[in-house]
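Okay, let me put the model up on the screen. I'll go through the pocket and then some charged pairs.

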Amino acid sequence: AVLRAYPAATVTTREVDDEDWARRSQENLQPVTVGRITVAPPWAAHASAATPTSDRITVVILPSMGFGTGHHATTRLCLEALQQIDLRGKTMLDVGTGSGVLAIAARFLGACDVVGVDYDEDAIQSAVDNRDLNPSASDVRFDTLDLRHAQLRASDVVTANLTGALLVHSAALLLGALSSGGTLIVSGLQQHERDEIVASMDDARLVWEGEEAGWVGLAFVR
């Protein structure tokens with residue numbers, strides 16, 4: 001692409017050592033609280049914090065390549081939306097699970113048979129590592145899956161913190177994964193994409209909406 005734009009340019013490449021830049025850049029992150037849920041890195045979480053109580057929940061997340069430390073508005077919006085519904089005894093599917101934070105949080109909120117999926121194998125490994133930091137969520141499963149060739153399992157609750165374009169493209173697939181009366185929670189879209197996303201979910205009813213710093217979270221019931 002550079003050579004097409006600048007034919008006279010000289011282009012060279014070099015290998016750069018993997019210095020775990022993601023972890024180093026996030027090593028000073030502090031806990032983030034959304035409602036009853038606190039997302040905390042291991043060094044800021046008490047040893048017993050990974051066991052949820054009736055009123056407070058701490059999800060331990062190790063900053064890494066997996067997206068979702070609670071420091072981005074879209075993760076917080078999804079965490080807020082999850083707390084708007086009764087998850088007890090519900091099946092849950094987290095699409096684009098990243099760090100696994102939403103799947104683990106849903107399990108702590110009472111969801112059962114929780115599965116997180118992502119096309120990125122590094123993200124899945126990150127999610128598995130985080131599950132191991134939260135023993136009470138040890139039965140949450142994480143699988144590699146590409147939405148372009150996916151068949152999603154039916155679930156009572158589906159979360160998808162993706163991008164606006166991918167949400168539009170995958171709207172029918174995501175809604176099709178909902179059990180009757182199920183709830184779809186989406187984020188990753190910006191305010192200017194909101195109407196297009198809502199229109200793409202024309203087979204569902206908008207029941208919740210949140211906004212933070214130009215980012216939007218939406219919940220639909222099929």
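So, the largest pocket holds about 590 Å³ of space. A pocket here, on a 1 Å grid over the protein atoms alone, is an open set of points where a 1.4 Å probe fits, with protein on both sides within 12 Å along at least five of seven lines; the volume is the space filled by probe spheres set on the points. Keep in mind that this is a predicted model, where local features need pLDDT of at least 70, side-chain atom pairs count only at pLDDT 80 or more, and totals for chains, interfaces and linings use all residues. Residues are numbered from 1 along each chain as its sequence is written, and side-chain values use heavy atoms, with hydrogens and water left out.

Back to the pocket: 27 residues line it, and G96, D118, Y119, N161 and L162 lie nearest its centre. Lining residues have an atom within 4 Å of a point. Helix α6 gives the most, four residues; helices are DSSP runs of H or I, at least four residues.

Now the salt bridges, meaning a side-chain nitrogen of Lys or Arg within 4 Å of a carboxyl oxygen of Asp or Glu. The count is nine. R107 and D139 pair up at 3.0 Å, N to O, and that links distant parts of the chain, 32 residues apart, with R107 in helix α4 and D139 in the loop between α5 and β6. R107 is partly exposed because its relative accessibility is 24%, between the cut-offs of under 20% for buried and over 50% for exposed (1.4 Å probe, protein chains only). D139 is partly exposed too, at 41%.

Definitions and conventions
Helices (H or I, at least four residues) and strands (E, at least two) are DSSP runs, numbered from the N terminus.
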